[in-house]
Amino acid sequence: MSERKVLQKYYPADFDPSLVGRTRAPKQAGPKVQTVRLMSPFSMRCTSCGEYLPRGRKFNARKETPVDEKYLNIQIYRFYIRCTRCSAEVVFRTDPKNNDYVVERGAKRNTDPWKRGLGEEEEESDEARLDRLEREMAEAEGEDVKERNAMAELEAKTADAKREMAVADALDEIRSRNARIEKGRREGVEAELSVVVPEDEVRRRQEEEDAEAARRAFARRHEMLEEVIGEELPPSNGNGEGLGSSNGAGAAVSSDAMSMPPPPKPTPAPSTEIPAPSFKRQVKKKKDHSALLGIKKKASLV
């Protein structure tokens with residue numbers, strides 16, 4: 001471990017640095033090869049011994065980069081691995097066209113996801129693949145349409161059920177109201193219907209009631225004044241004289257009546273009605289604030 005951190009190396013006494021020349025090895029001809037660690041991208045079976053190589057099995061592989069093999073300017077890579085049982089060489093490469101891998105020799109792929117439903121020897125063309133994809137999409141859309149139709153039917157049934165419940169509730173309410181009205185009629189009492197009266201109608205009715213009460217109060221007061229005036233004035237005989245002035249006794253009685261104090265005025269019965277309000281405008285006297293503050297106004301010149 002200490003040798004890794006040594007800064008100086010030991011050179012023997014007979015070391016000649018001139019004998020150590022700089023040499024260049026020739027460039028490697030052919031494709032570039034690297035040793036990499038990878039996992040098998042799919043499950044396969046060895047053609048030599050029949051051993052199954054599962055997907056995700058780790059291998060020490062050689063990665064080859066061919067110079068002339070490209071697809072739409074995408075580099076294709078080739079990998080070499082060994083079977084875990086017979087050590088036979090298995091070769092597979094990348095397939096950018098199908099976004100997958102292709103086995104070249106030494107093994108056989110167990111399943112091809114994009115070749116399902118086809119024979120082992122039959123290869124699917126581009127047109128066949130497009131037709132198959134369109135058919136699968138149409139089937140999926142048909143299933144979606146069926147599901148949507150089922151959901152629409154369920155929503156329609158739910159709406160119908162809600163509508164029927166609302167109609168049944170309205171019928172029950174009408175029947176109960178009719179029963180209450182019929183019962184009130186049989187008993188001789190009008191059924192009270194709950195009607196919402198607007199605020200303007202309530203205010204108008206209140207004003208009419210106030211006006212009627214004021215009119216009644218004024219009429220009652222006028223009648224009371226007429227009764228008091230009729231009691232104070234004596235009846236006349238047509239000549240402008242009272243009935244008691246025809247004879248002396250009458251004159252004496254009338255003089256006695258005149259000397260006697262007048263009878264007390266009958267007090268009117270207290271009215272239970274509310275007196276009418278007075279709507280006369282009252283003018284308030286303005287205060288002279290300038291006099292309070294000690295400000296003297298200038299006399300106006302006439």
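Which residues make up the largest nonpolar core? In this predicted model, the core has eleven residues: L38, F42, M44, L53, F59, A61, F79, I81, V90, F92 and A107. F59 is one of the core members. Beyond four places in sequence, F59 touches V36, R37, L38, S40, L53, I81, R82 and T84.

The strands β4, β7 and β8 also belong to an open sheet of five strands. Its order is β1-β4-β7-β8-β9, and the pairing is antiparallel. β1 (32-39) and β9 (100-105) stand at the edges. Each has a single partner strand, so one side of each lacks a neighbour in the sheet. On average, neighbouring strands are turned by 30° against each other, direction ignored. Antiparallel β8 and β9 are joined by five bridges. D95 has D100 of β9 as its bridge partner.

A "binding site" annotation in the unreviewed UniProt entry covers C46, C49, C83 and C86. These positions are spread over 41 residues of sequence, yet they cluster in space, with a largest C-alpha distance of 8.9 Å. C46 lies in strand β2 (residues 44-46). C83 is found in the loop between β7 and β8. C46 counts as buried because its relative accessibility is 3%, under the 20% limit. C83, at 4%, counts as buried too. Leaving aside neighbours within four places in sequence, C46 is in contact with E51, C83, C86, A88, G106 and A107. With the same exclusion, C83 touches C46, C49, E51 and A88. A107, a contact of C46, is also part of the nonpolar core.

Key. Residues are numbered from 1 along each chain as its sequence is written. This is a predicted model: local features need pLDDT of at least 70, side-chain atom pairs count only at pLDDT 80 or more; totals for chains, interfaces and linings use all residues. Side-chain values use heavy atoms; hydrogens and water are left out. A nonpolar core is a set of buried Ala, Val, Leu, Ile, Met, Phe, Trp, Tyr and Cys residues joined through side-chain atoms within 4.5 Å. Buried means under 20% relative accessible area, exposed over 50%, partly exposed in between (1.4 Å probe, protein chains only). Contact means heavy atoms within 4.5 Å. Two strands pair if DSSP finds at least two bridges between them. Helices (H or I, at least four residues) and strands (E, at least two) are DSSP runs, numbered from the N terminus. Axes are lines fitted to C-alpha atoms, for helices over the stretch in contact, and angles run from 0 to 180 degrees between N-to-C directions. UniProt positions are given in the numbering used here, feature names are shortened, and annotations may be inferred rather than shown by experiment.
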